[in-house]
Amino acid sequence: MQKCPGATLFALVIVTGIATWVVSLIISNATKFIIDENGETSWILRFIYTILGYTTVFLPCYVLIHLSKRHNLHTLGGCQWRLLRLILTGTTSDIVTEAEVNSTGRTSNVETLYQKAISLFYCCAGLQASYLLWGILQEKIMTREYTDGDKIERFTDSQFLVFVNRILAFLFSGIYLLLTYQNVHRTPLYKYSFCSVSNTLSSWCQYEALKFVSFPTQVLAKSAKVIPVMLMGKLVSRAQYKNYEYTTAVLISVGMTAFLLGSGGDKKGNNVTTVSGAVLLCGYLIFDSFTANWQSALFKEHKPSSVQMMCGVNLMSCLFTSASLIQQGGFFYSLSFASRHPVFIMDCLLTAISSATGQLFIFATISKFGPVVFTIIMTVRQGLSILLSCLLYQHHLSSMGILGVFIVFLAIFLRIYYAQQHKKHKLEGTELSDSKA
């Protein structure tokens, strides 16, 4: 296969980036004539802008990766080729030995019951505090009005909030990686881009949905994401599920329906608004379920640590969101808004800090106590989020809505219980077969 010289390679990438940027601007200006920028469906326009912004990064990177595969990167020197090795192979080293990959550099410490209890308390308190604060601030920024003398306005750029959250999470995880020992990283950076795009789009849909639905509705919709995750797993990896998983999924659907019917008058607006909120919530669930499945595949194939995954995904997210914000003028709008409303700066920083620290507590909880304990803690957090939101922002919940919430959380706890029982029986069966052998 014919090689592409280094200078020509990077020139092609630059030309592709410029061409993509110009085409994106043309399409952006054309869509303004089709969709009312201030109408109820203006979120469609913002979504198109966001996708175009991501394309201006994604397409040049694709060209770079595709042409770079024609070179033997291990024989090429220079900073640019070391960077390409990092993007394509996940490491700048020429050879990664099995000893390096499998080494952990840690000694096993057996914790006492008291130490485990203290660790669990800190993890639980950290998760509850960080994500409860994040939820309250998220709702405040997207649904409440900021006043500056006689001027009253709302913040509308969801992309900027996603960017602030991601860049701080990247810094937190990067510092953590520098201060702790980690296995050799061998996940190609470009593979993080797929779940990064879906992750940022799920967050974008989440913020935009708050303009059309109440926060309790959104929280309960998140609780129901097990349904699209199961469907995505069925389509992508042909996964098989147990009867209790299907049963609890149906219960969650029933609970969600009861909740939505019981809180239909909670949000003012017409049918367009209701449909917009539902579409955005569906978008959140679809993108989030893809993120989980793709990250699971990366864990199985390349075995990065959770913090390495967090750092890689957030790095790519920063690149995508910053390109989109520059193209849309989002930085100028957000900074201008912040200059008029200093309180907004504090809200943004607290939201980003709580989101980033929450991700670190997720890593600590799963690594120490496993995913089941983490799920229980987060389920409790979702219930408390709904309660706090109703108390602080006076959301109305009818008897049917309360019943829906109860059914959803009952289904989640049943799912956790039966998963544990199934795991226990499977372990006992394995031990019995080993003893017979």
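Helices are DSSP runs of at least four residues, numbered from the N terminus. By that count Ile175 lies in helix H6. The model described here is predicted. Its chain has 16 helices and 2 strands, and buried residues make up 46% of its 437 residues.

**The chain as a whole**
- Among contacts with a separation of 6 or more, 84% are between residues 24 or more positions apart.
- The accessible surface is about 22800 Å², and carbon and sulfur atoms account for 68% of it.

- In soluble globular proteins, nonpolar side chains tend to be buried together.
- The largest nonpolar core here has 33 residues, and Ile141, Phe155, Phe160, Leu161, Phe344 and Ile386 have the most contacts inside it.
- Several helices each supply at least two residues of this core, among them H5 (113–143), H6 (158–179), H14 (342–369) and H16 (399–436).
- A second, separate core has 13 residues, including Val57, Tyr192, Met309 and Phe320.
- Beyond the residues up to four places away in sequence, Ile141 touches Tyr146, Phe155, Leu161, Phe344, Asp347, Cys348 and Thr351.

- Ile167, Leu171, Ile175, Leu178 and Leu179 make a nonpolar surface patch of about 540 Å².

- Gly330, Ser334, Phe337 and Ala338 are buried in H13.
- These four residues lie on the same side of H13, because they cover an arc of only 100° around the axis.
- Phe332, Leu335 and Ser339 are exposed on the other side of H13.
- An α-helix has 3.6 residues a turn, so residues three or four places apart point the same way.

**Salt bridges**
- The whole structure holds 5 salt bridges.
- Arg46 forms one of them with Glu208, and the closest N and O atoms are 2.8 Å apart.
- This pair links distant parts of the chain, with Arg46 in helix H2 (residues 42–68) and Glu208 in helix H7 (residues 189–209), 162 residues apart.
- Glu208 counts as buried because its relative accessible area is 0%.
- Lys211 also meets Glu208 in a salt bridge, at 2.9 Å from N to O, and Lys211 is partly exposed at 22% relative accessible area.
- Through shared partners, salt bridges join Arg46, Glu208 and Lys211 into one network.
- Glu153 and Arg340 form a salt bridge, with their closest N and O atoms 2.8 Å apart.
- Glu153 lies in strand E2 (residues 151–153) and Arg340 in helix H13, so this pair ties together parts 187 residues apart in sequence.
- Glu153 counts as buried at 16% relative accessibility, whereas Arg340 counts as partly exposed at 23%.

**Thr16 in helix H1**
- Thr16 lies in helix H1 (residues 6–31) and counts as buried, because its relative accessibility is 18% and the cut-off for buried is under 20%.
- Leaving aside neighbours within four places in sequence, Thr16 is in contact with Leu59, Pro60 and Val63.
- Thr16 and Leu64 are 48 residues apart in sequence, and their C-alpha atoms are 9.6 Å apart in space.

**Lys303 in a loop**
- Lys303 is in the loop between helix H11 (271–302) and helix H12 (306–328).
- The phi of Lys303 is near 55°, a positive value in a residue other than glycine.
- Lys303 counts as exposed because its relative accessibility is 53%, and exposed means over 50%.

Notes
Residues numbered from 1 in each chain as written. Predicted model: local features only at pLDDT ≥ 70, side-chain atom pairs only at ≥ 80, totals over all residues. Heavy atoms only, no water. Buried < 20%, exposed > 50% of the residue type's maximum accessible area, 1.4 Å probe, protein only. Contact = heavy atoms within 4.5 Å. Areas by Shrake-Rupley, 256 points an atom, 1.4 Å probe, with all protein chains shown as cover. Core = buried A, V, L, I, M, F, W, Y, C linked by side-chain atoms within 4.5 Å. Patch = residues over 30% accessible without salt bridge, like charges linked within 9 Å, V, L, I, M, F, W, Y side chains within 5 Å. Salt bridge = Lys/Arg side-chain N within 4 Å of Asp/Glu carboxyl O. Arc of directions from axis to C-beta.
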